[in-house]
Amino acid sequence: METSEMHNINRIFIEAHRQKKSRIIFGCGVGPIHSDKIKEVTSNIITLTTAGFLRDKESYDYATRLCETHVLKYACDPAIAFVSRWRKRCSTQLHIDTNSIHIACLLRSNTNEFSERQSKEQLSMSNYKVAGQIAGVLDRIVEENETVIDLLYMNAPWVGGDDRLFNRQVNEQSGQPEKINLVRKYLTLEEHLEQMISTDVSVVMRYHGHLFSMALGIPFLSVDYTGKMGKVSSFVSRIGYENWTQRWDGFETEQATTRLQKLIVERGKWSQYLLEQTDLLVSELYGTYKEVFGVEIAHCDK
């Protein structure tokens, strides 16, 4: 994607090529890319790759435009299989209690990688506005249901943005902050999954928030910050989940509230649907492992 770190990856691939070592791309996406220089660097990395796969067809098509002779295949993000295996190993049933609704939020600030036309000041104002609108949605749900809300995070180090900073903006603009659990401490991956597993529904922006929710069977309201053909919209379309997505630019509080309310009512149906979609994607992923790496993994349904 459009980041200066791509230069370091390119240097690593060049040196690995010199030493005749394998160069593997494992489940990455391609894009967004805005500059000719990063496009050139990415093209070189793909050209030097000896084996691997990408996480969606959109990335595969982009890679093909950058290098028609690449050796890559495509499947899904390996995180889906990891979380699916964790869920089946834990054998924990999702929490369904009509008297208490548990909502997890996996949010983030948008960045110029995905909103390059806005200045940093404009983007900061837009993020604060969306945080307030999401707070408004949560306030409405709290008014109508006995609700527990956890503001979780997917990214905590300062590199790439600390999601807890955006969560504070949501909490600050909530009319009922006492109803919100603003998670500040660092969580291990295991602790994060354990906290999510009892969730009824989630509100997600982070791409991997989408993946984790799906693989755990948690119906989610998607806030798409990546735009048309971006990784979020592509993923939502891939699993036939377009009715439950809301655009970040032009966020409509009333529409998002209505969708979240309906999702809560229909959560049992959509939980089962997401688990079925998860199994389909994991089966495709394991097939790709066999095709690309010659590794066969048994897909356990239980």
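**View 1. Asn171 sits in helix α6 (residues 163-173).** Helices here are DSSP runs of H or I with at least four residues, strands are runs of E with at least two, and both are numbered from the N terminus. This is a predicted model, in which local features need pLDDT of at least 70 and side-chain atom pairs count only at pLDDT 80 or more, while totals for chains, interfaces and linings use all residues. Residues are numbered from 1 along each chain as its sequence is written, and side-chain values use heavy atoms, with hydrogens and water left out. Is Asn171 buried or exposed? With a relative accessibility of 17%, Asn171 counts as buried (buried is under 20% relative accessible area, exposed is over 50%, and partly exposed is in between, using a 1.4 Å probe and protein chains only). Leaving aside residues up to four places away in sequence, Asn171 touches Leu151, Pro177, Ile180 and Leu182 (a contact means heavy atoms within 4.5 Å). Ile134 is 37 residues from Asn171 in sequence, and their C-alpha atoms are 9.7 Å apart in space.

View 2. The side chain of Thr257 reaches the backbone oxygen of Thr253 at 2.7 Å.

**View 3. Arg140 and Glu144 pair up in a salt bridge, N to O at 3.9 Å.** A salt bridge puts a side-chain nitrogen of Lys or Arg within 4 Å of a carboxyl oxygen of Asp or Glu. The two residues are 4 apart in helix α5 (residues 120-144), so about one helical turn separates them. Arg140 is partly exposed at 26% relative accessibility, and Glu144 is partly exposed at 45%. Glu254 joins in too: Arg140, Glu144 and Glu254 are linked in a network of salt bridges.

**View 4. Glu291 and Lys73 meet in a salt bridge, with 3.6 Å from N to O.** Glu291 belongs to helix α11 (residues 267-293) and Lys73 to strand β3 (residues 73-74), so this pair ties together parts that are 218 residues apart in sequence. Glu291 is exposed, at 54% relative accessibility, whereas Lys73 is partly exposed, at 34%. Across the whole structure, a search finds 13 salt bridges.

**View 5. Arg238 forms a salt bridge with Glu284, their closest N and O atoms being 3.6 Å apart.** This pair links distant parts of the chain, with Arg238 in helix α9 (residues 231-238) and Glu284 in helix α11, 46 residues apart. Arg238 is partly exposed at 29% relative accessibility, and so is Glu284 at 44%.

**View 6. An open sheet is built from 6 strands with parallel pairing.** The order is β6-β5-β4-β7-β8-β9; two strands pair if DSSP finds at least two bridges between them. Which strands stand at the edges? They are β6 (180-182) and β9 (245-247), each with a single partner strand, so one side of each is left without a neighbour in the sheet. Within the sheet, 4 bridges join β4 (residues 101-106) to β7 (residues 201-204), and Cys105 stands opposite Val203 in β7.

**View 7. Helix α4 (residues 78-90) has 13 residues.** From first C-alpha to last, α4 reaches 19 Å, close to the 18 Å expected (the expected span is 1.5 Å times one less than the number of residues). Its buried residues include Ile80, Val83 and Trp86, and what covers the buried residues of α4 includes β1 (24-28), β2 (51-54) and α8 (207-216). At the start of α4, a side-chain oxygen of Asp77 comes to within 2.8 Å of the backbone nitrogen of Ala79.

**View 8. Gly31 and Pro32 are joined by a cis peptide bond, with omega about 0°.** Pro32 is in the loop between β1 and α2 (36-48). Most peptide bonds are trans, and most residues other than glycine have a negative phi. Lys20 has a positive phi, near 60°. Lys20 is in the loop between α1 (5-18) and β1, and Lys20 is exposed at 74% relative accessible area.

Conventions. A polar contact is a pair of N or O atoms within 3.5 Å; within protein, one must be able to donate a hydrogen and the other to accept it, and residues adjacent in sequence count only if both atoms are side-chain atoms.
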